[in-house]
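Hi everyone, thanks for coming. I'd like to walk you through one structure today, so please have a look at the screen.

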Amino acid sequence: MASDEAVALKNKGNEAFKNHDWPAAIEGYTKAIELDGTQPSFYTNRAQANIKLEAYGYAIADATHAIEIDSSFVKAYYRRAVANTAILRHHDAIVDWKVVVRKNPSDKTAKAQYEACQKLVKRDAFLKAIEVADAPSAAEGLDLDSMVVEDGYDGVRLKDEMTQEFIDDMIERFKNGKKLHKKYVFQIILAVKQLVYDEPTMVETHVKSGHKLTVCGDTHGQYFDLLEIFRLNGFPSSTHGYLFNGDFVDRGSWSTEVCLLLYAYKWLQPTNFFLNRGNHETDDMNRMYGFEGECKAKYTDRIFKLWSESFSALPLATLISDKFLTLHGGLFSDDSISLNDIRKLNRHSQRQPGQEGLMMEMLWTDPQTTPGRGPSKRGVGLQFGPDVTKRFCEKNGLEAVIRSHEVRMEGYEVEHDGRCITVFSAPKYCDSTENKGAYINIEEDLKLQFHKFDAVPHPDIKPMAYANNGMMSMMGM
């Protein structure tokens, strides 16, 4: 039996969990564990809160610990299976789903998830088998000139160049649940794919006198919250640039709308509007978290394939005024890496980030409070401490590293003695986390101006509406 004090702390964690304050929930469960580390439920509760924070590596460790305490504790296998599924380790997940189904044969949900996982394992094997190193582009044989936009199409027409008029009309169309004509979708993706392909792996830009650059973090298909950023902070213009630091898509159910709007602005303002790649601008994440399904539901499979090619062409970092390195994930497993190594990285020879190497680390790593480096709480990549950030900044003459990739309850967080800044721009993330969104304005004085904002209402379409069904129910969507 757990002590009354430990149970009270667990209940405090449960209360925070109910209020969708995952960090406070973790704090409550951690204190309960510190008082009494023999209760498997304390660990599985913390695992569930870690899953909500996408700290899947921590969730796996907690679930494993619970199993070591009590090998018949079914919930622990369930949590571990969910966490492994989330980081696409389907082979590991299936082992635990099998245990859950064997121990709870009447649990229909677990049975459905076990079957969904079996399908994912088969699909992964199939995709690996048909993988071609230099597959032809989805643009091959695409004849846009002969693609007719019917007379009945009620939107502004797009010719050879992007216009502000087209963008203004697009914004309203998407608000009203309408789509673009697929000819225009092809045009926009093809134009931007070429633009970003020609940019260096690390884009270098300077904030000029009288200009402003706004850095935004993950937007994750939250279209109405993206419009709120522009409403509050001003729409992109020739003197007001924007940098979107990856993870435009997946999870939120307006990923095509978010991505088309960002791409349209990139085409309109190619030297003043910047897009970094995130870990969700990758095929395996898009298959699992909804973007592929959304493209097929709203447009076509070919459009998804073309988008995938454009994601592979995106730069991996942007250096702002030689002072702020902005990249989606974080720093590296090796102190010898410099800005020159990023400049030299040929991202075109490696379309997907894989499980190791420079590209994977740029898209996946996270900061930690303790010095040195540690295993990733996500189960992918690694974590880097304040000393790592300090050495990197000093060596490369930087003031700070700006990154995204993680929910922050206040929308942003300044860590590592001011040298590591996280900005996250998807408020009320997935409709299930009570976080604010944030963005950073940088003017010619190069002082970072932080702005927080709240989520705005959106039409009643749930997050992950286009994701793998088994995944949705598993994640409690």
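Let me start with a term: a salt bridge here is a side-chain nitrogen of Lys or Arg within 4 Å of a carboxyl oxygen of Asp or Glu. Please keep in mind that this is a predicted model, where local features need pLDDT of at least 70, side-chain atom pairs count only at pLDDT 80 or more, and totals for chains, interfaces and linings use all residues. Residues are numbered from 1 along each chain as its sequence is written, and side-chain values use heavy atoms, with hydrogens and water left out.

Now to the layout. The protein chain is divided into domain 1 (4–130) and domain 2 (144–475), with bounds that come from an automatic or database domain assignment. In contact, meaning heavy atoms within 4.5 Å, are 25 residues from domain 1 and 23 residues from domain 2. Taken over C-alpha atoms, the centres of the two domains are 29 Å apart.

How much area do domain 1 and domain 2 bury between them? About 2,100 Å², with 57% of it on carbon and sulfur atoms. Buried area is the accessible area (1.4 Å probe) that two parts lose on being put together, summed over both. On the domain 1 side, His 20, Glu 54 and Leu 88 supply 25% of the area buried against domain 2, more than any other three residues.

Back to our salt bridges. The rule finds one across the interface of domain 1 and domain 2. Glu 54 forms a salt bridge with Arg 251, and their closest N and O atoms are 3.4 Å apart.

Which helix gives the most to the side of domain 1 that touches domain 2? That is H7, with five residues. Helices here are DSSP runs (H or I, at least four residues), numbered from the N terminus.

Helix H7 (108–130) has a salt bridge to show you too: Lys 111 pairs with Glu 115, the closest N and O atoms being 3.2 Å apart. Because these two are four residues apart in helix H7, about one helical turn separates Lys 111 and Glu 115. Across the whole structure there are 34 salt bridges.

That's my tour, so over to you for questions!
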